[in-house]
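Reader: I have a model open and would like to go through its architecture with you. Could we begin with the terms and then turn to the elements?

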Amino acid sequence: MTTQTSLTVHQTTRPDGFPTSGQFRFVESPVPEPRPGTALVENLHWSVDPYHREMMDGDFALNAPLEGRTIGRVVDSHDPGLTEGDLVLHRGGWRTHALVTLGTAGTRKLRRYDGVPLSAHLSILGGTGLTAYVALTRTLRLKPGEDLFISAAAGGVGTAAGRIARILGAGRIVGSAGSAAKVAHLTGRLGFDAAFDYHDGRVGELLGKAAPDGIDAYVDNVGGEHLEGAIEVLRDHGRIAWVGAVAQYHHARPPAAPRNLFDIVGKSLRLQGVLVRDHAHLQEEFEDFLVPHLRSGRIAPDQTVVMGFENIVEAFLGMLRGENTGKMLVSRPGT
C-alpha cells in the first residue's frame with residue numbers, strides 16, 4: 001500500500017447467521033482526486049460497530065465500499081471550509097482514503113483537546129459516548145441516587161454509560177457481560193457496584209441478586225432475555241432506554257417478545273428507543289460536559305485498538321464475538 005493506492009472493503013454476500021471473513025473483499029484503486037467542493041482525507045482511525053451487522057442483511061450495498069464512522073486528516077482540499085492538516089470525522093467508512101464535503105454525510109471538523117487522544121472521538125467522545133449520554137440524560141432522565149442496570153456493559157456504549165452515570169450521581173450501577181474476566185473488569189476497574197455473567201443463569205434471577213431492591217432505569221444494548229429480566233426487576237414507573245439488540249443480530253428471525261412484556265403496563269414502565277442520529281445537535285453540549293473529566297483523569301476512554309487497516313474485517317468479527325473491552329477501533333500505525 002502506497003500513498004498512490006487506496007484500499008476499500010466491500011461486502012460480497014449476505015450472511016446467514018454469524019458473518020465470515022469470506023463475505024468481505026479488499027479492493028485496490030488509485031487515490032481519488034478531489035473535485036471542487038470536496039477534500040481528500042487520509043484515514044487514521046476506523047470504528048467497527050454492532051449496527052454494521054444489521055446493515056449487512058440488506059442496508060449495505062454489495063460490492064461497494066462500506067460506510068462507518070472514521071477520523072481522517074485532510075491532505076488536499078478543494079472545500080473552502082477545510083484546509084490541509086484539518087482533522088475530520090466522517091462516515092466514509094472502511095477505506096484508506098475518502099472524498100468529503102464539510103457539513104454533509106456527517107462530516108465535521110474535530111476540536112483537539114490537550115490530554116485527550118484523537119481516537120476518543122470514535123469512542124467515549126464520539127457517537128458511542130453520545131449514545132450513552134443521550135440514553136441517560138434525555139431518554140431515562142437519570143436522577144442522582146437512582147439505581148441503573150446496563151447490559152453488554154463491557155462494550156463501547158456500556159462502558160461509556162457506566163462512566164457517565166457515575167458522574168451524573170447514579171446510585172447502584174449493575175452490569176451484565178459475557179465472561180468472568182469482563183465481570184471483574186466492570187467491578188474492579190470501571191466502578192460498577194455489581195456485575196454478572198449472563199451465561200450463569202436466567203438474567204432476571206441474576207439481576208435480582210445483584211440489585212435486590214430493584215432498579216429504576218435500564219440501558220438495553222441486548223434485548224431478548226435481558227429485556228425480560230430488566231422488566232422483571234424494574235420498580236414501578238421505571239424507564240428503559242433501548243439502544244441495541246445484540247441478542248438477535250445473527251438470527252434470521254427475531255426472538256419472541258419478552259414473556260412479561262405486559263408488565264410494562266402493570267408497572268407503568270416507559271420504554272423508548274434511542275437513535276443517536278436524532279441527537280447530533282447535542283454533540284457540543286456533550287463535549288463540554290465530558291472533556292473536563294477526561295482531562296482530569298476522572299474517566300478515560302475504554303478502547304480495544306487493532307492496528308492496521310488490513311485487519312479491519314477481523315476486528316469487526318472479533319467485536320461481534322465479544323473480544324473487545326470498551327469500544328473496538330482500528331488505527332493506522334503511528335497515529
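Author: Two strands are said to pair if DSSP finds at least two bridges between them. Helices (H or I, at least four residues) and strands (E, at least two) are DSSP runs, numbered from the N terminus. This is a predicted model, in which local features need pLDDT of at least 70, side-chain atom pairs count only at pLDDT 80 or more, and totals for chains, interfaces and linings use all residues. Residues are numbered from 1 along each chain as its sequence is written, and side-chain values use heavy atoms, with hydrogens and water left out.

Reader: In which sense do β4 and β5 pair, and over how many bridges?

Author: β4 and β5 (residues 87-90) are antiparallel and share four bridges. I71 has L89 of β5 as its bridge partner.

Reader: And what joins β3 to β4?

Author: Seven bridges, with β3 and β4 (residues 70-77) running antiparallel. L40 stands opposite D76 in β4.

Reader: Changing topic, what is the strand order in the open sheet of six strands?

Author: The order is β10-β9-β8-β11-β12-β13, with parallel pairing. β10 (194-197) and β13 (270-273) are the edge strands, each pairing on one side only. From one strand to the next, the twist averages 15 degrees. Angles here run from 0 to 180 degrees between N-to-C directions, and axes are lines fitted to C-alpha atoms, for helices over the stretch in contact.

Reader: Which strands does α2 touch?

Author: Helix α2 (residues 127-139) packs on the sheet and touches β8, β11, β12 (234-242) and β13; contact means heavy atoms within 4.5 Å. The direction of α2 makes about 145 degrees with that of β12. Helix α5 (residues 203-210) lies across β8, β9 (173-177), β10 and β11, at about 155 degrees to β10.

Reader: Now α9: why is it described as largely enclosed?

Author: Eight of the nine residues of α9 (residues 312-320) are buried, so the rest of the structure largely encloses this helix. Buried means under 20% relative accessible area (1.4 Å probe, protein chains only). Among the buried residues are I312, F316 and L320.

Reader: What do they pack against?

Author: The buried residues of α9 pack against β1 (5-11), β2 (24-30), β3 (39-47), α1 (50-55), β14 (303-307) and β15 (327-331). Just after α9, G322 takes a positive phi of about 80 degrees.

Reader: Finally, how many helices and strands does the chain have?

Author: The protein chain has nine helices and 15 strands. Buried residues make up 54% of its 335 residues.

Definitions and conventions:
Buried < 20%, exposed > 50% of the residue type's maximum accessible area, 1.4 Å probe, protein only.
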